[in-house]
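Please keep the sequence and the structure in view as I talk.

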Amino acid sequence: MTQKSIIIIGGGIAGLSAGCYGQMNGYKTQIFELHTLPGGLCTAWGRKGYTFDGCIHWLVGSGQSSGYRRIWDELGALAGCEVVNHDEFMRIQKADGKAFILYTNVDRLEQHLLDLAPADEKPIREFTDAVRLFSRFDPPVGKAKETSNFVDMFKTMPGMMPIMPAMMKWGKVSIADYAERFSDPFLRYAFGASFGNNLNRLPVLTLMMTLAWMHRQDAGYPVGGSLEFSRGIERRYLSLGGEIHYKSRVEKILVEAAPNGKGDRAVGIRLTDGSEHRADVIISAADGRATIFDMLEGRYADDTIRGYYEKLPIFSPIVMVSLGVGRDLSAEPHSVSYVLDKPVTIAGEARTLLPVKHYCYDPTMAPAGKSVVMVMVNSSHKYWKELAADSERYESEKQQAAITVIEQLDRRYPGLAGQVEVVDVATPLTFERYTGNWQGSIEGWMPTVDTGDLMWKGMSKSLPGLSNFYMVGQWVEPGGGLPPAATSGRNVIQILCKQDKRRFVASAAG
Ligand SMILES: Cc1cc2nc3c(=O)[nH]c(=O)nc-3n(C[C@H](O)[C@H](O)[C@H](O)COP(=O)(O)OP(=O)(O)OC[C@H]3O[C@@H](n4cnc5c(N)ncnc54)[C@H](O)[C@@H]3O)c2cc1C
């Protein structure tokens, strides 16, 4: 059999994953990536001895024996990597020191919440019982399907049926609505803000699942951070014989009429330098909107697809203020959202919570005795886009965001302002420029309780009327994140193997 060729657009985690599994299964793959680095959103950048990490806070599948771990091992993502499992996911702290702490151990969490608000025993226990139940759930590595979604998972894993009712139930209640069940005002406020105030329409199921994975020590942090993680997969891809072309921005997907007279088929790509490259199959692992409406000029978008792009909410873009500080903060909790007594304005919006994170648990991030501190808040793409019309105003707004953050941090960690050695501010335009993601979105579609069954049913990886073409990554896996991106790349190769009547094979990196 002649070896089929595949072109993959984008070298983020989904594109790298499709490349690795394509190579494992006898396809000849090439990745075209606009940036100079692998990983897409899963990246980091160095500044004067400090590393500022743009992605991984927790990695589902980091434990030793879970379905997702199998995928990370196949992709060589965690080879030789130490994983840190935090005792605390995060805490929300008031000015008087009172703290709501999301402990990763569910028994400790339950006791802490009961101490905080004894009168709320019923909703506390209902929440922690659900976390316990879900901690017994190991997401199966899906079979070849057009969509990788919960419905498929349950069909392929009958053993999962006992938790189905709880998943359905908590998939329909938002974090904000669950918070209303608490009578204690601080618990009510803090619970609602645990993923950030802008994410409180997410189903409470997402918070329960996150804590469940943390409880079973399967959602830790890989030391070395996001770029090392991506480089691990890039190494695996290259060792399997894959080819990756950096600084190669795809502007068009080339199509021709299909020989059977049924619609069109994808036959290649054109880069911005004008060069054309052909393959039997084209997979886009790049931004969904750019793929469908620019590279394919909107010719294969039906009403359903247009509806997604017109109506669905996306994970908000962010402003990320990263600081290199000449001070050891390792004795401080690693992730604290401070409740501000007076709101402060950052990027044109009044903020009542300041989420602060340090990376002292990863010695590769800062020189010995020093720390990386990061504050990440959601922010409007439009706001920064308008500012960018005048580069001075844009730069001065970035500077102002950093000044405000440093002032606030200095109140909590006295003397810190004088110890700041490096400042870096990334805006939604930074994320957009480096990854091509729509408005700099950090995770694609946001499935809230208001977006119906999107999370359950998933989205198709192919477009109507176009054969030999697939999409993978966060724009076809509602909810986004690294495990769905990797699974998406794996699934598309399973689909191709099925079509080509080959047995799909995958093995752990040696
Ligand atoms: C701040 C932040 C924190 C996060 N935290 C976590 C976390 O803790 N855990 C977790 O699981 N997930 C997290 N995520 C989400 C996760 O990073 C993403 O969902 C995931 O990396 C998406 O992968 P992807 O391959 O689908 O897309 P991308 O990473 O966007 O990859 C797309 C790739 O395509 C390339 N590309 C785009 N257009 C073109 C073109 N025209 N030609 C060539 N190449 C192109 C881009 O440069 C990019 O490399 C976080 C994201 C951010 C930003």
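Predicted model: local features only at pLDDT ≥ 70, side-chain atom pairs only at ≥ 80, totals over all residues.

What percentage of the 510 residues of the protein count as buried? The value is 59%, where buried means under 20% relative accessible area, exposed over 50% and partly exposed in between, with a 1.4 Å probe and protein chains only. Residues are numbered from 1 along each chain as its sequence is written, and side-chain values use heavy atoms, with hydrogens and water left out.

On overall form, the C-alpha trace of the protein spans about 70 × 55 × 45 Å along its principal axes. The radius of gyration of the protein is 23 Å, which agrees with the value near 24 Å that a compact globule of 510 residues would have; this radius is taken over C-alpha atoms, and the globule rule is 2.2 Å times the number of residues to the power 0.38. The protein has 17 helices and 21 strands, which are DSSP runs numbered from the N terminus, helices being H or I with at least four residues and strands E with at least two.

Turning to the ligand, there are 38 residues around it, of which Glu33, Leu41, His57, Asn437 and Gln474 come nearest; a residue counts as near if one of its heavy atoms lies within 4 Å. The backbone takes part here: a polar backbone atom of histidine 57 is 2.7 Å from an oxygen atom of the ligand, and one of tryptophan 58 is 2.9 Å from a ligand nitrogen atom. For glycine 481, a backbone N or O atom lies 2.9 Å from an oxygen atom of the ligand. On its own the ligand has 1000 Å² of accessible area, and the protein covers 96% of that, by the Shrake-Rupley method with a 1.4 Å probe. Helix H17 (482–499) is among the elements that give two or more residues to the shell, and H17 gives the most, with three residues.

Finally, consider threonine 427, which sits in the loop between strand E19 (420–426) and H15. Threonine 427 counts as buried because its relative accessibility is 0%. Its C-alpha atom is separated by 27 Å from that of phenylalanine 191, 236 residues apart along the chain.

Methods:
Polar contact = N/O pair within 3.5 Å; in protein donor to acceptor, adjacent residues only side chain to side chain.
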